[in-house]
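Please describe this protein chain for someone who has not seen it before, moving from the overall fold to the pairs of residues that link its parts.

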Amino acid sequence: MNLNRLTARENRSRIGCMANLVRVKTHWSPRAVLWLVVFGIFPSANRAQVPVYEVTPVESTIKFGVDSSIPIKGTFEKWNASIKLSSMDVRSAVLEIEIQADSVNTGSGLKNNKLKSKDFFDVKDSPTITFKSTKVIQTGPNTFELEGNFTIRGVTKMEKLTLIGNGKGSPSGSIEGTMAFDRKDYGMNKGIPFVKIANRVEVNVSLKWKRVSGPPPVFQQ
């Protein structure tokens, strides 16, 4: 009787070991290994192929100007910009710019203070001016139109930035862009005493870039 019980326990133990062995073999089947390769190795390879860019602020500028009876033109001295691609297609690029509004410099302290006030940039309540592209349209061999969200004074609207790219296929180059907007669309309705100011404001960006890794992107033309 005891011998039968011992034999039964041994059989159950053998069956359990065989089941564990089957589970282990199933877990590490060729199909499982294939999925690990597909989802593990291949995405890393794809990511390595995406161009990575860096904007060099020292060689870049962001300027603005508005027609007026007394010239109002200046630059922003503090800002950050990035160019990021999610694929090899140049149209997947996203340009993002963040400007510190109180870094405005017109060469005149009086003009600077007026532009920083609530009547214009309102830097106290809205310290940053931003642009983030949402769509890239290639209009020529090296020209683009970027649609994006432009925010100033806490108001966000869609604007268009027209760009010319230089350095196609090279490890470094530049982009020159222009965007125009109506200041009254963003609540800048007031003027300056004895100074006639137009509503149209033009922003000019000149960004130097370098490709730090990956191959050059693919252009459509």
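The report below covers the fold, the strand pairs, the salt bridges, one serine and the aromatic rings.

## Basis of the description

This is a predicted model, in which local features need pLDDT of at least 70 and side-chain atom pairs count only at pLDDT 80 or more, while totals for chains, interfaces and linings use all residues. Residues are numbered from 1 along each chain as its sequence is written, and side-chain values use heavy atoms, with hydrogens and water left out.

## Overall fold

The protein chain has 3 helices and 11 strands, where helices (H or I, at least four residues) and strands (E, at least two) are DSSP runs numbered from the N terminus. Along the sequence, these elements follow the pattern α-α-β-β-β-β-β-β-α-β-β-β-β-β.

Of the 221 residues in the protein chain, 33% are buried; buried means under 20% relative accessible area, exposed means over 50%, and partly exposed lies in between, with a 1.4 Å probe and protein chains only. The accessible surface of the chain comes to about 13,600 Å², and 57% of this belongs to carbon and sulfur atoms; such areas come from the Shrake-Rupley method with a 1.4 Å probe, and for residues only the protein chains shown count as cover. Among contacts with a separation of 6 or more, 60% are between residues 24 or more positions apart, a contact being heavy atoms within 4.5 Å.

Strand 9 (residues 155-166) and strand 10 (residues 172-182) run antiparallel and are joined by 5 bridges; two strands pair if DSSP finds at least two bridges between them. The hairpin of strand 9 and strand 10 has 5 residues between the strands, and in this hairpin G167 takes a positive phi near 100°. N166 stands opposite S174 in strand 10.

Strand 10 is also joined to strand 11 (residues 197-213), by 11 bridges, and these two strands run antiparallel. S174 has K208 as its bridge partner in strand 11.

## Salt bridges

Side chains of opposite charge can pair when their charged atoms come close. With a salt bridge taken as a side-chain nitrogen of Lys or Arg within 4 Å of a carboxyl oxygen of Asp or Glu, the count comes to 8 salt bridges. One of these is formed by E54 and K210, whose closest N and O atoms are 3.6 Å apart. This pair links distant parts of the chain, with E54 in strand 1 (residues 52-55) and K210 in strand 11, 156 residues apart. E54 counts as partly exposed at 37% relative accessibility, and K210 counts as partly exposed at 36%.

E145 and K160 also meet in a salt bridge through their side chains, at 3.8 Å from N to O. Because E145 lies in strand 8 (residues 143-152) and K160 in strand 9, the pair ties together parts that are 15 residues apart in sequence. A further salt bridge joins E202 and R200, with the closest N and O atoms 3.2 Å apart, and salt bridges that share partners join K114, D119 and K190 into one network.

## The surroundings of S206

S206 is found in strand 11 and is buried, with a relative accessible area of 16%. Although S206 and T61 are 145 residues apart in sequence, they are 5.2 Å apart in space, C-alpha to C-alpha.

Not counting residues up to four places away in sequence, S206 touches S60, T61, I175 and E176. The side chain of S206 makes a polar contact with the side chain of E176 at 3.0 Å; a polar contact is a pair of N or O atoms within 3.5 Å, and within protein one must be able to donate a hydrogen and the other to accept it, while residues adjacent in sequence count only if both atoms are side-chain atoms.

## Aromatic rings

Rings of Phe, Tyr and Trp (its six-membered ring) pair if their centres lie within 6.5 Å, with planes under 30 degrees apart counted as stacked, over 60 as edge-to-face and the rest as tilted. By this rule the count comes to 8 aromatic pairs. The rings of F76 and F121 have centres 5.9 Å apart and planes at 40°, so this pair is tilted. F76 lies in strand 3 (residues 72-76) and F121 in the loop between helix 3 (109-116) and strand 7 (128-138), so the pair ties together parts that are 45 residues apart in sequence. Both F76 and F121 are buried.

The rings of F150 and F181 form another tilted pair, because their centres are 5.0 Å apart and their planes are at 45°. F150 lies in strand 8 and F181 in strand 10, so this pair ties together parts that are 31 residues apart in sequence. F150 counts as buried at 5% relative accessibility, and F181 counts as buried at 6%. Ring pairs also link F64, F76 and F121 into a cluster.
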